[in-house]
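Please work through the two exercises below with the sequence and the 3D structure at hand. Each task sentence is followed by a solution in steps.

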Amino acid sequence: MNSVPGDAGTEAVILNWVRIDDDTVSTSSEYYRIKILTDEGKKYAEVEIPYVPGYPLYTQITDVEARTIRPDGTVVAFDAKVYDKVLFKARRTAVRAKAFTFADVQPGSIIEYRYIRRWTEHMLLDTHWSVQRDIPVLKSSFKLKPYPTEGQYGSFFTYLGLPAGKVPKLMRDTYSLELENMPALRAEQFMPPENQMRARVNFFYTDSKITMENFWPLQSRKFAEQIEDFIGRGGKSEATRLSQGVTDRNELLHKLYAHIQSLRNLSFEEEKSEQELKKEKIRDARSAEDVLKKGSGYAIELNRAFVALARSAGFEADAIRVAPRDEYFFSDKLPNERQMSGEIVVVTLDGKKVFLDPGTPKAPFGVVSWEKTAVPGIHVTKGKPSWMSTVAQPVAADAITRRSADLRIEGDNLEGTITITFSGQEALVRRLSTVDSDDAARRKAIEDEVKEWFPAGAALKLTSLKGHDTIEPSVTATFDVTLPNLVSSAGSKTVVPVSIFTTQVKNPFASTTRKHPIYFPYPSSEEDEVKLTVPAELKIATIPALSDLNGGVLNYRSETRRQEGTITFKRSSSIGVTMIETKYYDAIRNFYNAVASADEQPLVLVSATAGGGK
Amino acid sequence: MIRRFLGVAVVFAALAPATFAKDLPPWIRAAIPAELPPAGEAHAIVLLDETVFQVSATREVSTRHRRVVKVLTAAGREEAYLGVAFDDETKIRSLNGWSIDPAGHEYTFRERDAVETTVGDYELYTDTRMKVLKVPADIGSIVAFEYVRNERPYLMQSAWHFQENVPVLLARYQVVVPPGWTCDTRWLNYKGVEPVGPNTWEIRSVPALLDEPRRPSPLTLAGRAGFNFLSPNAKALAWSDIARWFADLALPRGAATPQLQAKVRELATGDDDPMVPLARFAQRDVRYIAVEIGIGGYQPHAAGEVFTNRFGDCKDKATLLRTMLKEVGIDAHYVLVHATRGATDPTFPSMHAFNHVIVAIPVSAEKAKDVKAVITHPKLGKLLLFDPTSTLTPFGQLPDSLQASRGLLVTADGGEMIELPAHAPEVNQLHRVAKLQLDAKGTLSGTVEEAYSGNMAVDMRARLLGLNAVERIRSIESGVASHLTISTAANVSIEYLDEPESDLVIRYQLTAPNYAKRVADMMLVRPRVLGQKAETLVDPKRTYPYVTEGPSLHSDEIEIRMPSTVKLDELPAKVEIKTPVVQYASASTFADGVLRYQRRYSLHAYTVPLESLAELNGAWKQILGDERASAVFK
C-alpha cells in the first residue's frame, strides 16, 4: 500500500488500532500498527505518552513494546530506550511523559507499539475514545469493561460522527466497537469547531439515580436552585441608590447594567496566586449581595448580581444558563452539565424580552457574546426552570462594521482620512481581544487590523480611538492615511479602485472542493462609503456600474455616484446565518466570486485636457 | 542541534502558588530610582540586571543573578516570569522572586513555587530542564528575581547579554576568579567599557533593541561581552582550541561497523561518484531525532549506532556521513555553524557561537564546477559544504540560513573560521510560463507552468510536503487566488516533489472569470497576471538594516491571446531597474493578436544597509506600479 483511497498523499495510515479499557482493574492498553507512507510521515515514529504520576491517580505507563517492520518485511527490534520526561512539575502536581522512537523508519515501514496505562484501583474515570485521527484509520477496535456498579452508579455512552449503524455493543460485561476506514479529520477555513467535527465516543459514570430521560430535568432544577439561591433577595440598597432621580425605566436598566459592568470581572484577569487572593481579599462570593458589596466577582457571579439588582428595581429579570458553542455544540444526549457553562440574563423591558450579558466585560447593552447566542438554554425563574431551544438569536444588524473614507489622489497615492466603526458584536470582539490590556495595546491592535486591509506600504496614523474601553455600542477609530499601490496606470489613463477597503481581501472559498459545512461565528454586515476627490488635472472617464447581488442569506450591493470632481462609492454586504450546508458550497463560492468581481470594478480617469468623459 | 547555553529565559507557565510575603531584600529597594528616566514606548524598564560569576580553583562556577524590572505596559507583564535552566550536572541553589504592586503590596515567592518543565521542543529527550518562577505583575509593578546556580562548565567561559528588548538602567557583571587567575574580555556589538572595580563592569542606560520588521537577528545586534577565565599561564581560547575540543569529543565516534561498511559498499557501487549517494543517505534516510544527555549536547552518538537506528541529530548525521565517506577514501571535516546568519562573531571564540553541525567534503576542481557550496581552502583545496540535516536542500547547495555566514572548520590540526558562500540569484529561481487566452466576456484561461529551483524549491517543497494531496491542491489554489481573487486552478500537477535534486514543477489550468475589466468602451487587461515581486516598502527612518528574502531570480513569460474583436489602444510602458540590490526589466508587447509580458526580477543581497533603503524603496515602488499596470483595448 502506497496511499489510502480517498486520502491520496496522506503521510501515514493507522492500519490497526486496538484500545482496551478495563475499569475493573484500572488499566487501559493501546496497540498501534502504523504504516509510514512519506518522509513527512516519519514523525509518527516519535511517540510521547503523557501521564500524571502523582495524586490521586498515581498513573504508570508499563509494558511498552515496539518494533519496526522494514519495507522488505524484516523486523528491527526495539532497543527499549524509553525516556521519562518532565512535561510539567509544580508543588502539587506533575505531568510526565514516556517518550521513545523507532529505529530504521523509512517510507514503507510499518511501526507497531503497545503499552498499558495503569492507575489507582477503584478510581473510576470516564472514558473518551477520539476515534477520528489526523491520519486515516483503516481498522480500529475499542473495548470497555466498566466497573460493576451494582446499582451504585449509572453510566452513559454518547457518540458523535460514527458511521451509520455503528454503536458500542454490550457483550456480557464489555462494550465493544469495531470501525473500518475512518477518514482523517482535515481542517478547513470557516468550518465548525474542530472538536465538534471529530468523531468520538464518550462513556460516563454518573449518579445511579440519573437516567438519560431525567438528567436534564434534574440538572435544570439543580442549576435553578444554585442560581436562585445565589441571587437571593440581595441588591435592594444598591438598586435604591442607583434608582434615585431616574424615572425612565429604560434609562434605569441601562444604569444598573453599567454599574455591574463597572465592577471588577475576575474571570477576565490573569489567574492569581494564593498570596494575591489573600492580599486582595478575593474569594468566591456567596451571594449577589456579596458581589455588590465587594465590587468584584467572576462572570457568572456578576451575571447573577445583575439579576438581583434588576429584580430589586422592579424588573422582571432571570438568569439563563446556556451552552456556549465556541468549542462544541450542545447535545441533549450527553449527560454532562459542563456543556452548559455560560450564563446570560433576560429582562422584560416595555413588554419586550431583552437579552443581556453583564458577565462579559465591555459587552454593550443588549449584546450577548456570540458563543452564547443561538444556543439552547435553561431559563431559570423563581418557579420551574424551562428549556429554551434558541437563546438570543442574532441577526446581521447586531454586528456591523462601518468604514468611511474621504480621500484625494496625490500623485500615485490616495491620501485623506478613514473612519472605522465597529458596532455591537464587532465592538465586543475587539474589546475582548485586548480585555486585560492597556490603551497602547488596544491602539496597536486596531492599527494592525486596519493596516491589513491595504496594500503594502500603507501609512496609517491613528488619530482617534473612541469607545474601546467602554460599554458604548461602538468602537470608532479615525486614521490619517497615505495609501500607495492602489492607483495604477492603463497607458495614459489612471485606474483607481473605489472599493478601497476590500483590495486585499482573499476569497476564503477559493478551493473548488469542500468537505465541511461553512460556519460563521455570527451573522454580520459591512457598510462602506468612500468619497474620492479627483485632482483638477484629471477628469472622470467612467465609474463602476451598480451591482446588486441577492443571495438569500448573503447579500451585496455597491453603487458609485459622481459629482463635480468627486465620486462617492457605497457598498453594503451581509451574512445572515451562521451555518451553511456543504451542498451549497458552489453557490457560496460563486457569490464570493461575484462580490470580488464587483469590488474590482475600477474608476477610470483621463487627462482633463483629453476628449470625452465628464 | 548542539545544546543551547544554559541561560535564563522569560517563559510562560502556569501560575505558581505563593508563600507569605516577607521583607524585600535591600538590593531591590536600592535599585529603584527616585525618578524613572523616560522609557519611550518600552513595555518595561530593567532597573538592575546584575550577575556575579564566581570561579573556583576546582573549576566549579557559581552564578548569582539579580534582576529588578518595572512593568510599564500590559505587554511588559511578560517580565513577571523568569526561567532558569538546569540539568543533571547543574544545580539551582536558590531561586526567589518578589513583586511590589502599584498599591504597594509586597509579595515573596520561593523556589518551591516554581514550575519545572523540560526545555526545548526539538529533542526527543534532553536532561535540560527549566524552573519557571512567576510573580504578580500589573502595570506599574516592580518585579525582582534572584537565583544562584552551580555548575562545572565544559569550557571556562561565560557571556554577558546586557542589551535586551527593553531598556536597561544599570547592567553590572562581576567576575570572581581564584588568586592568580585572570579574565579575558571581548566586547561584541558594543564599544566596551573599562572595569569599575576588580573584574567588575557596569553599563548604564543601555537602549532597547528596537522591534523593527525584518531587522537582522538580535544575536547580530545586541551588545554583549564574552569572558575567558584563565588559570595561571593559560591563554584565551582561540578558534582552533574550540575546534580541537569538539574534535576530541567527536572524532572517536567515527568508527565504522561491518553493517555500515556493507551499506557503503552497496551505495558506492557503480560508476558514479560515491559522494552523492552517501550524502543522500545521511540526509534523507536518517531521521532527525535528538537525544541529548549531559555531554551529549555536544558529543555525537557513535556512527554505528546512528546507522543502526537510522536516526540522530545534526552532529550524529554529520558523524555518520564522515564515517561513510572515509570508507571510500574521502576525509571530510566537521564544520560548526549557527543556523542564524551572522550570529557567529569571530571576535569571541566559543562553543556558544554554534548550534548546528555540517560537513566539508574535499572535491576535485572538476567536481567543484558542478556544485555551488564550495570554498577554496589554502591547504585542503576545494571543499564542498553539505548539510545532512536539511533534507530538502539539493546536493551541492547550502541551506539559505547558512549562506553568507561563518563556520568553524574542524581539521586534524585544530581548526579555523571560514566564510560560508552565498549562492548567486540564478541558483534560486522561479520561472513561470503562462499560455492563456481571453474570451469576449473577459474570462482568462489557459495553462501555467512554474518551475522552482534552489531555495525557492526548498521553501515550496516544505510548504507542500506537510499536506496531503487534496490540501496541496488547495494550497496552490489559494496561492493563485492571492493574485487573482476570482480564479480556479484545475488539473493541478506537482512534479518532482520528492526529488530535491530536480526542479519542482507545478502545472495547472487557470480560469479567471472577469479578468479583463470592461469599462465603458474599454477593456483593461493586466499583462502581469500572476506573481508579486516587490516586498513591503521599508520605513526609511528605521534603525537597522533590512533583511530580504535572499538572493533569487524570477522570470515570467506570459502570453494572452486576445479576442479578435478588440484592438489595442495602449500598452504599459517598459520598466527597467538596475540597482546593486534589485534588478528588474519588464516589457509588454502586442503582435498577431497576442499580448506578451516578459519580466525578469533578481534580488542580490541578504541585507540592505540603511543608506540603500531609499534606492530599494524606489525600485519596489516602480515594480509595484508595473505589476498594477493594464493594457487598454477597445
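The exercises concern a predicted model and treat its cavities and then its chain interface.

**Exercise 1.** Characterise the largest cavity by its volume and by the residues that line it.

*Solution.* 
Step 1. Two cavities of 30 Å³ or more are present in the structure. The largest cavity has a volume of about 220 Å³.
Step 2. Its lining comprises 22 residues. Those nearest the centre of the cavity are Asp79(A), Tyr83(A), Thr101(A), Asn309(B) and Phe311(B).
Step 3. Two or more lining residues are given by each of β4 (60-69), β5 (75-77) and β7 (94-101) of chain A, and by α6 (303-309) and β18 (311-312) of chain B. The largest share, three residues, belongs to α6(B).

**Exercise 2.** Describe the interface of chain B and chain A by its contacts, its buried area and its salt bridges.

*Solution.* 
Step 1. Chain B places 76 residues in contact with 73 residues of chain A.
Step 2. About 6,200 Å² is buried between the two chains, with 51% of this area from carbon and sulfur atoms. On the side of chain B, Leu124(B), Arg287(B) and Arg628(B) lose the most area to chain A, together 12% of what that side buries.
Step 3. Eleven salt bridges are found across the interface. One of them joins Lys134(B) to Glu270(A), with the closest N and O atoms 3.3 Å apart.
Step 4. Helix α10 (residues 469-481) of chain B supplies seven residues, the largest share of the side of chain B that touches chain A. That side divides into 37 nonpolar, 17 polar and 22 charged residues.

Technical notes. Residues are numbered from 1 along each chain as its sequence is written. Chains are lettered from A and ligands numbered from 1 in the order in which they are written. This is a predicted model: local features need pLDDT of at least 70, side-chain atom pairs count only at pLDDT 80 or more; totals for chains, interfaces and linings use all residues. Side-chain values use heavy atoms; hydrogens and water are left out. On a 1 Å grid over the protein atoms alone, a cavity is a set of points where a 1.4 Å probe fits but cannot get out, and a pocket is an open set with protein on both sides within 12 Å along at least five of seven lines; lining residues have an atom within 4 Å of a point. Grid points are joined across faces, edges and corners, and a volume is the space filled by probe spheres set on the points. Helices (H or I, at least four residues) and strands (E, at least two) are DSSP runs, numbered from the N terminus. Contact means heavy atoms within 4.5 Å. Buried area is the accessible area (1.4 Å probe) that two parts lose on being put together, summed over both. A salt bridge is a side-chain nitrogen of Lys or Arg within 4 Å of a carboxyl oxygen of Asp or Glu. Ala, Val, Leu, Ile, Met, Phe, Trp, Tyr, Cys and Pro count as nonpolar, Asp, Glu, Lys and Arg as charged, and the others, Gly among them, as polar.
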